[in-house]
Protein chains: 2
Amino acid sequence: MPDPAQPAFILVRPQMGENIGAAARAMLNFGLRRMRIVDPRDGWPNPKAVAMASGAAGPVLDFAGVFADVPAAVADCDFVFATTARGRELPKPIYTPEAAMTEARRRIVAGEKVGILFGPERTGLENDDITRANAIITVPVNPDFFSLNLAQAVLLSAYEYSRHTLESVPLDPGLAGHEPATAVDVEKWGDHFEGRLEEAGFFHPPEKAPMMKRNLRNMWTRFAMTRSEVQMLHGALKQLMRPRG
Amino acid sequence: MPDPAQPAFILVRPQMGENIGAAARAMLNFGLRRMRIVDPRDGWPNPKAVAMASGAAGPVLDFAGVFADVPAAVADCDFVFATTARGRELPKPIYTPEAAMTEARRRIVAGEKVGILFGPERTGLENDDITRANAIITVPVNPDFFSLNLAQAVLLSAYEYSRHTLESVPLDPGLAGHEPATAVDVEKWGDHFEGRLEEAGFFHPPEKAPMMKRNLRNMWTRFAMTRSEVQMLHGALKQLMRPRG
(Lines give C-alpha, C1' and ligand atoms only; values in the text may rest on other atoms or scores of the structure.)
Protein backbone atom coordinates (compact mmCIF):
# COMPACT_ATOMS: atom_id res chain seq x y z
CA MET A 1 0.00 0.00 0.00
CA PRO A 2 1.28 3.50 -0.80
CA ASP A 3 2.47 5.41 2.24
CA PRO A 4 0.26 8.47 2.73
CA ALA A 5 3.24 10.28 4.23
CA GLN A 6 4.73 10.70 0.76
CA PRO A 7 3.98 13.25 -1.92
CA ALA A 8 1.56 12.14 -4.64
CA PHE A 9 3.16 12.27 -8.09
CA ILE A 10 0.29 13.26 -10.38
CA LEU A 11 0.73 12.61 -14.10
CA VAL A 12 -1.65 14.91 -15.97
CA ARG A 13 -3.00 13.57 -19.28
CA PRO A 14 0.04 11.36 -19.97
CA GLN A 15 0.19 10.11 -23.54
CA MET A 16 2.48 7.07 -23.73
CA GLY A 17 2.00 4.09 -21.45
CA GLU A 18 5.76 3.51 -21.59
CA ASN A 19 6.31 6.90 -19.98
CA ILE A 20 3.88 6.13 -17.17
CA GLY A 21 5.80 2.93 -16.46
CA ALA A 22 9.13 4.76 -16.65
CA ALA A 23 7.81 7.38 -14.20
CA ALA A 24 6.83 4.59 -11.79
CA ARG A 25 10.35 3.17 -12.02
CA ALA A 26 11.89 6.62 -11.50
CA MET A 27 9.77 7.10 -8.36
CA LEU A 28 10.52 3.67 -6.95
CA ASN A 29 14.26 4.29 -7.25
CA PHE A 30 13.74 6.72 -4.41
CA GLY A 31 11.21 4.67 -2.49
CA LEU A 32 8.23 6.77 -3.61
CA ARG A 33 5.03 4.90 -4.45
CA ARG A 34 2.10 7.32 -4.55
CA MET A 35 1.15 7.89 -8.18
CA ARG A 36 -2.00 9.47 -9.54
CA ILE A 37 -3.00 9.68 -13.17
CA VAL A 38 -5.34 12.24 -14.70
CA ASP A 39 -7.22 11.35 -17.89
CA PRO A 40 -4.56 9.12 -19.51
CA ARG A 41 -4.79 9.31 -23.30
CA ASP A 42 -4.90 5.56 -23.86
CA GLY A 43 -7.16 4.67 -20.93
CA TRP A 44 -6.32 2.61 -17.88
CA PRO A 45 -4.98 0.07 -17.11
CA ASN A 46 -2.36 0.33 -19.83
CA PRO A 47 -0.40 -2.83 -20.74
CA LYS A 48 2.55 -0.80 -22.06
CA ALA A 49 2.86 0.97 -18.73
CA VAL A 50 2.85 -2.39 -16.95
CA ALA A 51 5.48 -3.81 -19.31
CA MET A 52 7.76 -0.83 -18.76
CA ALA A 53 7.34 -1.01 -14.98
CA SER A 54 8.58 -4.60 -15.45
CA GLY A 55 7.51 -6.25 -12.25
CA ALA A 56 9.13 -4.47 -9.37
CA ALA A 57 7.50 -1.11 -10.08
CA GLY A 58 4.19 -2.73 -11.00
CA PRO A 59 2.62 -2.15 -7.57
CA VAL A 60 3.12 1.61 -8.02
CA LEU A 61 0.77 1.33 -11.01
CA ASP A 62 -1.60 -1.10 -9.28
CA PHE A 63 -2.21 1.41 -6.51
CA ALA A 64 -2.27 4.48 -8.76
CA GLY A 65 -5.48 6.46 -8.52
CA VAL A 66 -7.03 7.52 -11.83
CA PHE A 67 -8.96 10.79 -11.98
CA ALA A 68 -11.01 12.59 -14.60
CA ASP A 69 -9.45 16.00 -14.08
CA VAL A 70 -6.89 17.92 -12.06
CA PRO A 71 -9.32 19.31 -9.44
CA ALA A 72 -10.44 15.75 -8.62
CA ALA A 73 -6.83 14.52 -8.46
CA VAL A 74 -5.75 17.21 -5.99
CA ALA A 75 -9.01 17.29 -4.01
CA ASP A 76 -7.49 15.96 -0.78
CA CYS A 77 -4.17 17.80 -1.10
CA ASP A 78 -3.28 20.63 1.23
CA PHE A 79 -0.51 21.87 -1.03
CA VAL A 80 0.08 21.33 -4.73
CA PHE A 81 3.16 21.96 -6.84
CA ALA A 82 3.05 22.26 -10.64
CA THR A 83 6.19 21.24 -12.53
CA THR A 84 6.59 23.56 -15.47
CA ALA A 85 9.14 25.63 -17.33
CA ARG A 86 6.41 28.15 -18.16
CA GLY A 87 3.79 29.73 -15.95
CA ARG A 88 5.89 32.73 -15.13
CA GLU A 89 3.10 35.03 -16.23
CA LEU A 90 0.98 33.73 -13.34
CA PRO A 91 1.70 35.29 -9.97
CA LYS A 92 2.73 32.15 -8.14
CA PRO A 93 5.85 31.34 -6.15
CA ILE A 94 8.53 29.53 -8.16
CA TYR A 95 10.68 26.91 -6.41
CA THR A 96 13.74 24.99 -7.48
CA PRO A 97 13.26 21.21 -7.12
CA GLU A 98 15.40 21.33 -4.00
CA ALA A 99 13.46 24.13 -2.34
CA ALA A 100 10.15 22.59 -3.37
CA MET A 101 10.95 19.16 -1.97
CA THR A 102 12.29 20.68 1.24
CA GLU A 103 8.96 22.49 1.56
CA ALA A 104 7.08 19.28 0.67
CA ARG A 105 8.90 17.34 3.39
CA ARG A 106 8.22 20.08 5.92
CA ARG A 107 4.51 20.02 5.14
CA ILE A 108 4.30 16.23 5.13
CA VAL A 109 6.03 16.01 8.49
CA ALA A 110 3.47 18.53 9.75
CA GLY A 111 0.69 16.16 8.61
CA GLU A 112 -0.26 17.82 5.34
CA LYS A 113 -0.88 16.08 2.02
CA VAL A 114 1.22 17.23 -0.89
CA GLY A 115 0.74 16.66 -4.62
CA ILE A 116 3.09 17.34 -7.53
CA LEU A 117 1.66 17.83 -11.02
CA PHE A 118 3.56 16.71 -14.14
CA GLY A 119 2.23 17.68 -17.57
CA PRO A 120 1.74 15.68 -20.77
CA GLU A 121 4.85 14.74 -22.74
CA ARG A 122 4.54 17.16 -25.64
CA THR A 123 2.89 20.22 -24.25
CA GLY A 124 3.44 20.23 -20.50
CA LEU A 125 0.90 21.59 -18.07
CA GLU A 126 -1.63 24.12 -19.30
CA ASN A 127 -2.29 27.34 -17.44
CA ASP A 128 -5.62 25.96 -16.25
CA ASP A 129 -3.73 23.12 -14.55
CA ILE A 130 -1.17 25.48 -13.07
CA THR A 131 -3.83 27.70 -11.51
CA ARG A 132 -4.83 24.69 -9.37
CA ALA A 133 -1.37 24.62 -7.82
CA ASN A 134 -0.08 26.62 -4.90
CA ALA A 135 3.41 26.89 -6.30
CA ILE A 136 5.54 26.12 -9.34
CA ILE A 137 8.61 23.90 -9.60
CA THR A 138 11.04 24.94 -12.32
CA VAL A 139 14.19 22.91 -12.87
CA PRO A 140 17.09 25.33 -13.34
CA VAL A 141 18.22 24.32 -16.82
CA ASN A 142 20.32 25.69 -19.62
CA PRO A 143 18.22 28.59 -20.97
CA ASP A 144 19.14 27.53 -24.53
CA PHE A 145 18.23 23.86 -24.22
CA PHE A 146 15.46 22.19 -22.30
CA SER A 147 14.55 18.59 -23.04
CA LEU A 148 13.65 16.74 -19.86
CA ASN A 149 11.25 13.92 -20.60
CA LEU A 150 8.43 12.94 -18.24
CA ALA A 151 10.35 10.23 -16.38
CA GLN A 152 13.36 12.54 -16.01
CA ALA A 153 11.23 15.33 -14.52
CA VAL A 154 9.71 12.79 -12.13
CA LEU A 155 13.20 11.46 -11.36
CA LEU A 156 14.59 14.84 -10.33
CA SER A 157 11.70 15.56 -7.96
CA ALA A 158 11.82 12.05 -6.46
CA TYR A 159 15.58 12.35 -6.04
CA GLU A 160 15.27 15.73 -4.33
CA TYR A 161 12.47 14.52 -2.09
CA SER A 162 14.46 11.58 -0.84
CA ARG A 163 17.88 13.16 -0.77
CA HIS A 164 17.55 14.31 2.81
CA THR A 165 16.00 12.37 5.63
CA LEU A 166 12.67 13.36 7.08
CA GLU A 167 14.02 13.94 10.56
CA SER A 168 16.46 16.60 9.40
CA VAL A 169 13.55 18.76 8.33
CA PRO A 170 12.78 21.59 10.75
CA LEU A 171 9.17 21.77 11.79
CA ASP A 172 7.72 25.13 10.93
CA PRO A 173 3.94 25.27 10.84
CA GLY A 174 3.15 27.78 8.10
CA LEU A 175 -0.32 28.70 9.35
CA ALA A 176 0.44 28.86 13.08
CA GLY A 177 -1.61 25.79 13.92
CA HIS A 178 -4.64 26.69 11.83
CA GLU A 179 -6.05 23.96 9.66
CA PRO A 180 -5.26 24.68 6.02
CA ALA A 181 -8.06 24.72 3.49
CA THR A 182 -8.07 21.66 1.24
CA ALA A 183 -8.03 21.95 -2.53
CA VAL A 184 -11.74 21.08 -2.50
CA ASP A 185 -12.44 23.93 -0.09
CA VAL A 186 -10.61 26.35 -2.35
CA GLU A 187 -12.27 24.99 -5.48
CA LYS A 188 -15.74 25.31 -3.96
CA TRP A 189 -15.05 28.81 -2.78
CA GLY A 190 -13.77 29.67 -6.27
CA ASP A 191 -17.01 28.25 -7.72
CA HIS A 192 -19.12 30.22 -5.26
CA PHE A 193 -17.39 33.52 -5.93
CA GLU A 194 -17.25 33.02 -9.69
CA GLY A 195 -20.92 32.02 -9.77
CA ARG A 196 -22.07 35.20 -8.04
CA LEU A 197 -19.86 37.32 -10.27
CA GLU A 198 -21.29 35.56 -13.31
CA GLU A 199 -24.82 36.37 -12.17
CA ALA A 200 -23.80 39.96 -11.54
CA GLY A 201 -22.45 40.33 -15.08
CA PHE A 202 -18.85 40.85 -13.94
CA PHE A 203 -17.19 38.84 -16.71
CA HIS A 204 -17.36 41.42 -19.43
CA PRO A 205 -16.48 41.56 -22.29
CA PRO A 206 -17.11 37.84 -22.94
CA GLU A 207 -13.78 37.29 -24.70
CA LYS A 208 -11.96 38.36 -21.56
CA ALA A 209 -14.03 36.13 -19.27
CA PRO A 210 -11.72 33.05 -19.41
CA MET A 211 -8.69 35.12 -18.48
CA MET A 212 -10.56 36.92 -15.71
CA LYS A 213 -11.76 33.61 -14.29
CA ARG A 214 -8.30 32.10 -14.51
CA ASN A 215 -6.78 35.07 -12.69
CA LEU A 216 -9.35 34.73 -9.91
CA ARG A 217 -8.78 30.99 -9.51
CA ASN A 218 -5.05 31.46 -9.51
CA MET A 219 -5.34 34.09 -6.82
CA TRP A 220 -7.46 31.98 -4.48
CA THR A 221 -5.18 28.97 -4.87
CA ARG A 222 -2.11 31.02 -4.16
CA PHE A 223 -3.47 32.55 -0.99
CA ALA A 224 -2.87 29.51 1.26
CA MET A 225 -6.15 30.10 3.07
CA THR A 226 -7.11 28.42 6.28
CA ARG A 227 -10.27 26.41 6.51
CA SER A 228 -11.96 28.97 8.74
CA GLU A 229 -11.04 31.77 6.37
CA VAL A 230 -12.76 29.98 3.53
CA GLN A 231 -15.83 29.51 5.73
CA MET A 232 -15.73 33.19 6.64
CA LEU A 233 -15.58 34.16 2.97
CA HIS A 234 -18.54 31.93 2.11
CA GLY A 235 -20.52 33.52 4.93
CA ALA A 236 -19.51 37.01 3.88
CA LEU A 237 -20.52 36.49 0.26
CA LYS A 238 -23.82 34.90 1.23
CA GLN A 239 -24.59 37.84 3.44
CA LEU A 240 -23.64 40.32 0.73
CA MET A 241 -25.98 38.58 -1.69
CA ARG A 242 -29.05 38.57 0.55
CA PRO A 243 -31.98 40.64 -0.70
CA ARG A 244 -31.53 44.22 0.37
CA GLY A 245 -33.84 46.97 1.56
CA MET B 1 34.08 24.01 -28.44
CA PRO B 2 33.57 22.26 -25.10
CA ASP B 3 34.54 24.35 -22.12
CA PRO B 4 37.55 22.71 -20.42
CA ALA B 5 36.33 24.15 -17.10
CA GLN B 6 33.61 21.51 -16.97
CA PRO B 7 33.79 17.90 -15.85
CA ALA B 8 34.20 15.31 -18.63
CA PHE B 9 31.31 12.82 -18.71
CA ILE B 10 32.94 9.58 -19.78
CA LEU B 11 30.65 6.83 -21.13
CA VAL B 12 32.46 3.51 -20.75
CA ARG B 13 31.65 0.85 -23.38
CA PRO B 14 28.12 2.18 -24.06
CA GLN B 15 25.95 -0.24 -26.03
CA MET B 16 23.04 1.62 -27.61
CA GLY B 17 23.60 4.69 -29.76
CA GLU B 18 20.24 6.02 -28.55
CA ASN B 19 21.56 6.07 -25.00
CA ILE B 20 24.65 8.02 -26.01
CA GLY B 21 22.41 10.60 -27.68
CA ALA B 22 20.12 10.70 -24.65
CA ALA B 23 23.13 11.22 -22.39
CA ALA B 24 24.22 14.17 -24.56
CA ARG B 25 20.75 15.70 -24.20
CA ALA B 26 20.75 15.12 -20.45
CA MET B 27 24.10 16.91 -20.15
CA LEU B 28 23.11 19.83 -22.34
CA ASN B 29 20.02 20.47 -20.20
CA PHE B 30 22.49 21.64 -17.61
CA GLY B 31 24.87 23.37 -19.99
CA LEU B 32 27.48 20.58 -19.88
CA ARG B 33 29.20 19.69 -23.16
CA ARG B 34 32.34 17.63 -22.46
CA MET B 35 31.62 14.01 -23.37
CA ARG B 36 34.12 11.19 -23.82
CA ILE B 37 33.32 7.73 -25.08
CA VAL B 38 35.33 4.57 -24.36
CA ASP B 39 35.14 1.68 -26.82
CA PRO B 40 31.51 2.08 -27.97
CA ARG B 41 29.99 -1.28 -28.92
CA ASP B 42 28.67 -0.13 -32.31
CA GLY B 43 31.66 2.02 -33.33
CA TRP B 44 31.77 5.74 -33.86
CA PRO B 45 30.21 7.92 -35.20
CA ASN B 46 26.83 6.35 -34.50
CA PRO B 47 23.82 7.58 -36.54
CA LYS B 48 21.37 6.50 -33.81
CA ALA B 49 23.22 8.64 -31.28
CA VAL B 50 23.05 11.59 -33.65
CA ALA B 51 19.33 11.04 -34.28
CA MET B 52 18.58 10.93 -30.57
CA ALA B 53 20.62 14.07 -29.92
CA SER B 54 18.29 15.61 -32.53
CA GLY B 55 20.16 18.68 -33.58
CA ALA B 56 20.67 20.86 -30.55
CA ALA B 57 22.72 18.29 -28.62
CA GLY B 58 24.58 17.19 -31.77
CA PRO B 59 27.65 19.36 -31.08
CA VAL B 60 28.16 17.49 -27.78
CA LEU B 61 28.65 14.35 -29.89
CA ASP B 62 30.70 16.13 -32.56
CA PHE B 63 33.25 17.19 -29.98
CA ALA B 64 33.20 13.93 -28.01
CA GLY B 65 36.58 12.28 -27.70
CA VAL B 66 36.67 8.53 -28.40
CA PHE B 67 39.18 6.35 -26.52
CA ALA B 68 40.19 2.69 -26.61
CA ASP B 69 40.12 2.16 -22.86
CA VAL B 70 39.52 3.85 -19.52
CA PRO B 71 43.18 4.67 -18.73
CA ALA B 72 43.44 6.55 -22.04
CA ALA B 73 40.17 8.37 -21.42
CA VAL B 74 41.19 9.64 -18.00
CA ALA B 75 44.87 10.24 -18.84
CA ASP B 76 44.66 14.03 -18.51
CA CYS B 77 42.30 14.06 -15.51
CA ASP B 78 43.49 15.16 -12.08
CA PHE B 79 40.54 13.54 -10.35
CA VAL B 80 38.14 10.82 -11.51
CA PHE B 81 34.80 9.72 -10.12
CA ALA B 82 33.21 6.35 -10.93
CA THR B 83 29.42 6.18 -10.88
CA THR B 84 28.38 2.82 -9.51
CA ALA B 85 25.99 1.19 -7.11
CA ARG B 86 28.60 -1.50 -6.43
CA GLY B 87 32.27 -1.20 -5.72
CA ARG B 88 31.86 -1.06 -1.98
CA GLU B 89 34.35 -3.84 -1.58
CA LEU B 90 37.04 -1.49 -2.92
CA PRO B 91 38.61 0.83 -0.36
CA LYS B 92 37.58 4.06 -2.06
CA PRO B 93 35.69 7.11 -0.77
CA ILE B 94 31.99 7.03 -1.64
CA TYR B 95 30.23 10.32 -2.41
CA THR B 96 26.60 11.20 -2.93
CA PRO B 97 26.05 12.99 -6.25
CA GLU B 98 25.71 16.25 -4.36
CA ALA B 99 28.96 15.85 -2.41
CA ALA B 100 30.78 14.59 -5.50
CA MET B 101 29.74 17.50 -7.68
CA THR B 102 30.55 19.99 -4.94
CA GLU B 103 34.01 18.45 -4.84
CA ALA B 104 34.20 18.51 -8.64
CA ARG B 105 33.35 22.20 -8.77
CA ARG B 106 35.90 22.96 -6.08
CA ARG B 107 38.62 21.15 -8.01
CA ILE B 108 37.68 22.68 -11.35
CA VAL B 109 37.69 26.18 -9.87
CA ALA B 110 41.18 25.34 -8.57
CA GLY B 111 42.26 24.54 -12.14
CA GLU B 112 42.05 20.73 -12.01
CA LYS B 113 40.51 18.50 -14.66
CA VAL B 114 37.75 16.20 -13.47
CA GLY B 115 36.24 13.14 -15.16
CA ILE B 116 33.16 11.10 -14.27
CA LEU B 117 32.87 7.48 -15.45
CA PHE B 118 29.51 5.92 -16.35
CA GLY B 119 29.29 2.20 -17.04
CA PRO B 120 27.63 0.19 -19.82
CA GLU B 121 23.83 -0.10 -19.73
CA ARG B 122 23.48 -3.70 -18.58
CA THR B 123 26.41 -4.36 -16.34
CA GLY B 124 27.67 -1.03 -15.09
CA LEU B 125 31.35 -0.36 -14.44
CA GLU B 126 33.64 -3.28 -13.76
CA ASN B 127 36.02 -3.31 -10.83
CA ASP B 128 38.91 -2.75 -13.23
CA ASP B 129 37.28 0.51 -14.31
CA ILE B 130 36.54 1.57 -10.77
CA THR B 131 40.13 1.09 -9.68
CA ARG B 132 41.01 3.88 -12.17
CA ALA B 133 38.85 6.32 -10.23
CA ASN B 134 39.79 8.35 -7.16
CA ALA B 135 36.33 8.16 -5.68
CA ILE B 136 32.91 6.57 -6.18
CA ILE B 137 29.58 8.28 -6.74
CA THR B 138 26.61 6.27 -5.48
CA VAL B 139 23.13 7.67 -5.91
CA PRO B 140 21.22 7.14 -2.66
CA VAL B 141 18.43 4.92 -3.93
CA ASN B 142 15.86 2.54 -2.55
CA PRO B 143 17.90 -0.51 -1.46
CA ASP B 144 15.20 -2.78 -2.88
CA PHE B 145 14.96 -1.19 -6.30
CA PHE B 146 17.63 0.33 -8.47
CA SER B 147 16.93 0.98 -12.14
CA LEU B 148 18.56 4.20 -13.26
CA ASN B 149 19.32 4.06 -16.95
CA LEU B 150 22.47 5.59 -18.44
CA ALA B 151 20.90 8.93 -19.37
CA GLN B 152 19.26 9.18 -15.93
CA ALA B 153 22.56 8.58 -14.15
CA VAL B 154 24.16 11.23 -16.34
CA LEU B 155 21.20 13.52 -15.70
CA LEU B 156 21.55 13.39 -11.91
CA SER B 157 25.26 14.17 -11.99
CA ALA B 158 24.79 16.99 -14.52
CA TYR B 159 21.93 18.37 -12.44
CA GLU B 160 24.01 18.29 -9.26
CA TYR B 161 27.00 19.85 -10.96
CA SER B 162 25.00 22.77 -12.29
CA ARG B 163 22.43 23.12 -9.52
CA HIS B 164 24.26 25.77 -7.61
CA THR B 165 25.49 27.81 -10.54
CA LEU B 166 22.18 27.79 -12.41
CA GLU B 167 20.23 28.36 -9.22
CA SER B 168 21.88 31.70 -8.78
CA VAL B 169 19.68 32.79 -11.67
CA PRO B 170 17.10 34.56 -9.53
CA LEU B 171 13.91 32.59 -9.35
CA ASP B 172 11.13 34.98 -8.49
CA PRO B 173 10.20 34.20 -4.89
CA GLY B 174 6.57 35.14 -5.14
CA LEU B 175 4.78 37.22 -7.66
CA ALA B 176 6.51 36.41 -10.96
CA GLY B 177 7.20 40.03 -11.77
CA HIS B 178 3.73 41.30 -10.90
CA GLU B 179 3.62 44.52 -8.91
CA PRO B 180 2.74 43.79 -5.29
CA ALA B 181 -0.09 45.68 -3.65
CA THR B 182 1.06 48.35 -1.21
CA ALA B 183 -0.07 48.41 2.41
CA VAL B 184 -2.37 51.30 1.50
CA ASP B 185 -3.90 49.25 -1.32
CA VAL B 186 -4.58 46.41 1.09
CA GLU B 187 -5.94 48.74 3.75
CA LYS B 188 -8.33 50.40 1.28
CA TRP B 189 -9.52 47.05 0.01
CA GLY B 190 -10.04 45.92 3.61
CA ASP B 191 -12.10 49.09 4.22
CA HIS B 192 -14.15 48.51 1.10
CA PHE B 193 -14.94 44.88 1.92
CA GLU B 194 -15.61 45.54 5.59
CA GLY B 195 -17.85 48.48 4.74
CA ARG B 196 -20.09 46.43 2.47
CA LEU B 197 -20.25 43.63 5.03
CA GLU B 198 -21.17 46.17 7.68
CA GLU B 199 -24.04 47.44 5.51
CA ALA B 200 -25.15 43.90 4.86
CA GLY B 201 -25.31 43.10 8.58
CA PHE B 202 -22.55 40.50 8.47
CA PHE B 203 -20.91 41.42 11.77
CA HIS B 204 -23.27 39.71 14.08
CA PRO B 205 -23.51 39.37 17.04
CA PRO B 206 -22.03 42.80 17.84
CA GLU B 207 -19.66 41.51 20.52
CA LYS B 208 -18.00 39.27 17.96
CA ALA B 209 -17.63 42.06 15.37
CA PRO B 210 -14.14 43.22 16.42
CA MET B 211 -12.75 39.70 16.19
CA MET B 212 -14.43 39.04 12.86
CA LYS B 213 -13.05 42.29 11.46
CA ARG B 214 -9.59 41.50 12.78
CA ASN B 215 -9.65 38.06 11.18
CA LEU B 216 -10.62 39.56 7.84
CA ARG B 217 -7.91 42.23 7.98
CA ASN B 218 -5.36 39.66 8.98
CA MET B 219 -6.32 37.45 6.07
CA TRP B 220 -6.06 40.17 3.43
CA THR B 221 -2.70 41.28 4.75
CA ARG B 222 -1.33 37.78 4.74
CA PHE B 223 -2.37 37.05 1.16
CA ALA B 224 0.47 38.95 -0.56
CA MET B 225 -1.87 40.23 -3.25
CA THR B 226 -0.74 41.88 -6.43
CA ARG B 227 -1.91 45.36 -7.31
CA SER B 228 -4.06 44.09 -10.17
CA GLU B 229 -5.66 41.48 -7.93
CA VAL B 230 -6.72 44.21 -5.51
CA GLN B 231 -8.18 46.17 -8.41
CA MET B 232 -9.97 43.04 -9.62
CA LEU B 233 -11.46 42.50 -6.16
CA HIS B 234 -12.65 46.11 -5.95
CA GLY B 235 -14.30 45.73 -9.34
CA ALA B 236 -15.85 42.41 -8.40
CA LEU B 237 -17.33 43.73 -5.18
CA LYS B 238 -18.67 46.85 -6.89
CA GLN B 239 -20.35 44.71 -9.49
CA LEU B 240 -21.81 42.39 -6.86
CA MET B 241 -23.27 45.38 -5.03
CA ARG B 242 -25.00 46.94 -8.04
CA PRO B 243 -28.79 47.10 -7.81
CA ARG B 244 -30.24 43.82 -8.99
CA GLY B 245 -33.33 42.88 -10.90
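Which residue forms a salt bridge with Glu199(B)? In this predicted model, the partner is Arg196(B), and the closest N and O atoms of the two are 3.2 Å apart. Have a look at helix α8 of chain B, which covers residues 183-199: Glu199(B) and Arg196(B) both sit in this helix, 3 residues apart, so about one helical turn separates them. As for solvent, Glu199(B) counts as exposed at 62% relative accessibility, while Arg196(B) is partly exposed with 26%.

Over in chain A, salt bridges get linked up through shared partners: Arg132(A), Glu187(A), Asp191(A), Glu194(A), Glu198(A), Lys213(A) and Arg217(A) all belong to one network.

Now for a pair that bridges chains. Arg163(B) and Glu160(A) meet through their side chains in a salt bridge, with an N to O distance of 3.7 Å. Arg163(B) lies in helix α7 of chain B (residues 150-167) and Glu160(A) in helix α7 of chain A (residues 150-163), which means that the pair joins two chains. Are these two residues buried or exposed? Both Arg163(B) and Glu160(A) are buried.

Methods
Residues are numbered from 1 along each chain as its sequence is written. Chains are lettered from A and ligands numbered from 1 in the order in which they are written. This is a predicted model: local features need pLDDT of at least 70, side-chain atom pairs count only at pLDDT 80 or more; totals for chains, interfaces and linings use all residues. Side-chain values use heavy atoms; hydrogens and water are left out. A salt bridge is a side-chain nitrogen of Lys or Arg within 4 Å of a carboxyl oxygen of Asp or Glu. Helices (H or I, at least four residues) and strands (E, at least two) are DSSP runs, numbered from the N terminus. Buried means under 20% relative accessible area, exposed over 50%, partly exposed in between (1.4 Å probe, protein chains only).
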